[in-house]
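This briefing is intended for a reader meeting the structure for the first time.

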Amino acid sequence: MDLSKISGLGFVGLGAMGLPMAGHLAAKLPESIQMFVFDINQASVDQLHSEFPRRIVKCSSAKEVADKSEIIMTMLPEGKHVRLVYIEGGDSTICSSDVAGKLLLDCSTIDTASSLAVKDYINKKFPTTSFYDAPVSGGVVGAQKGTIAFFLGCDGADPNMPHLTTLLKMMGKDVIPCGGPSKGLAAKLSNNYLSGTIAIAVSEAMDMGMRSGLDPRVLHKVFAAGTAQNTISDRFCPVPGVYPEAPSSKGYTNGFKVQLMRKDYNLALEMAKRVGSKNVLGEAGLATYDGASNDPKCRDLDSRVVYRYLGGREDWQKDADEATANKLT
């Protein structure tokens, strides 16, 4: 669907990821396109409207968004919410509107079964409608900076691919077609399983090195230069104060909540069991995120707070500053 030929774009779900994503769209879409938005948290809707009063139109339901938009995007927490917003929420759902011929794009990270159930329902009721799973990676910081990646549930030859790429690159950096329906989600769950496992490994490696007397800033350089190099260590280092822009350096705030990592990690293991994959690190990883999610010192904080949960030292800079002061005296 050509963006130059539409007048309305809908966005449902203005949470920690959805709000900045919608903000990028509001700032970059052609002036002729209005955005129709809805979230159960009215404060998020009001915030977006206050930033873009001429672009944003506040709606009272997902159905109203769908009624007024040719393209509808959703960014929701779990599969049950996606089912509710699209097909199971009575007369206020997206599919209670006539969405024939429209383009529907779900950016949520959910189970593949829920996504396929929504797609099957839409295919039967609205055969001319296009529905895609398009989960994202890059976290809240990436959503704010516009550097997230989209994993699309279609192949590169899909006729909508050029228009999808144009739209999604207003919010992120990379758009990767993954092959077909629900394969974007399969790719995202595989990615988050790996990312979550690496975060635990980096936390443990940092802790053992620091307990052996190494400065974590030195370890950070070592990992970046050696075979252990990885994005979690580089830009999301679990040790506070090592990488200034990492959530850990800001009290583990403004990141991907540990409960969400626990959710995605569990979804990944369920997918692995369903397809017959053997994940020897999975159960230990899930137990770690389950424990951190229920720990008052970690709950609601960035998922790299597993470093705290595992007993890593956070006040290491105090000793480093004292050592520097002693050298100067």
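Leu25 is buried in this predicted model, because its relative accessible area is 0% and a residue counts as buried when that value is under 20%. The residue is found in helix 1. Leaving aside residues up to four places away in sequence, Leu25 touches Leu9, Phe11, Met35, Met73, Leu167, Met170 and Met171.

**Leu25 and the nonpolar cores**

- The largest nonpolar core has 40 residues. Those with the most contacts inside this core are Phe11, Met21, Leu25, Met35, Met73, Leu105 and Leu152.
- Helix 1, residues 18-28, gives the most to this core, contributing five residues.
- Met35, which is among the residues touched by Leu25, has contacts of its own with Leu9, Phe11, Ala22, Leu25, Ala26, Leu29, Arg55, Ile56 and Val57, not counting residues up to four places away in sequence.
- The C-alpha atoms of Leu25 and Ala134 are separated by 16 Å, and the two residues are 109 residues apart along the chain.

- Six strands form an open sheet with parallel pairing, in the order 3-2-1-4-5-6.
- Strand 3 (56-58) and strand 6 (130-133) stand at the edges of this sheet; each has a single partner strand, so one side of each is left without a neighbour in the sheet.
- On average, neighbouring strands of this sheet are turned by 20° against each other, with direction ignored.
- Strand 1 and strand 4 run parallel and are joined by four bridges. Phe11 stands opposite Met73 in strand 4.
- On pairing with strand 5 (residues 103-106), strand 4 (residues 71-74) again shows the parallel sense, over four bridges. Here the bridge partner of Met73 is Leu105 in strand 5.
- Helix 5 (residues 112-125) packs on the sheet and touches strand 5 and strand 6; the direction of helix 5 makes about 175° with that of strand 6.
- Helix 7 (residues 161-168) also packs on the sheet, touching strand 1 (8-12), strand 4, strand 5 and strand 6. The direction of helix 7 makes about 50° with that of strand 5.
- Both faces of strand 4 are covered. Ile71 and Met73 are buried on one side, and Ile72 and Thr74 are buried on the other.

- Three strands form an open sheet in the order 7-8-9, and the pairing is mixed.
- Strand 7 (136-137) and strand 9 (172-177) are the edge strands, each pairing on one side only.
- Five bridges connect strand 8 (residues 148-152) with strand 9 in the parallel sense. Within this pair, Phe150 has Val175 of strand 9 as its bridge partner.
- Helix 7 packs on this sheet, where it touches strand 8 and strand 9; its direction makes about 155° with that of strand 9.

**Helix 9**

- Which residues of helix 9 are buried? In this helix (residues 216-225), they include Pro216, Leu219, His220 and Phe223.
- Seen down the helix axis, the buried residues of helix 9 fall within an arc of 105°, so they line one face of the helix.
- The face turned away from the buried side of helix 9 carries the exposed residues Lys221 and Ala225.

**Annotated regions**

- According to an unreviewed UniProt entry, the feature "domain: 6-phosphogluconate dehydrogenase NADP-binding" covers residues 9-178. That span is 39% helix and 22% strand, and its end C-alpha atoms lie 24 Å apart.
- The UniProt record, likewise marked as an unreviewed entry, places "domain: 3-hydroxyisobutyrate dehydrogenase-like NAD-binding" at residues 183-307. Over these residues the chain is 61% helix and 0% strand, with the end C-alpha atoms 31 Å apart.

Notes: Residues are numbered from 1 along each chain as its sequence is written. This is a predicted model: local features need pLDDT of at least 70, side-chain atom pairs count only at pLDDT 80 or more; totals for chains, interfaces and linings use all residues. Side-chain values use heavy atoms; hydrogens and water are left out. Two strands pair if DSSP finds at least two bridges between them. Helices (H or I, at least four residues) and strands (E, at least two) are DSSP runs, numbered from the N terminus. Axes are lines fitted to C-alpha atoms, for helices over the stretch in contact, and angles run from 0 to 180 degrees between N-to-C directions. Contact means heavy atoms within 4.5 Å. UniProt positions are given in the numbering used here, feature names are shortened, and annotations may be inferred rather than shown by experiment. A nonpolar core is a set of buried Ala, Val, Leu, Ile, Met, Phe, Trp, Tyr and Cys residues joined through side-chain atoms within 4.5 Å. Buried means under 20% relative accessible area, exposed over 50%, partly exposed in between (1.4 Å probe, protein chains only). The arc is that of the directions from the helix axis to the C-beta atoms.
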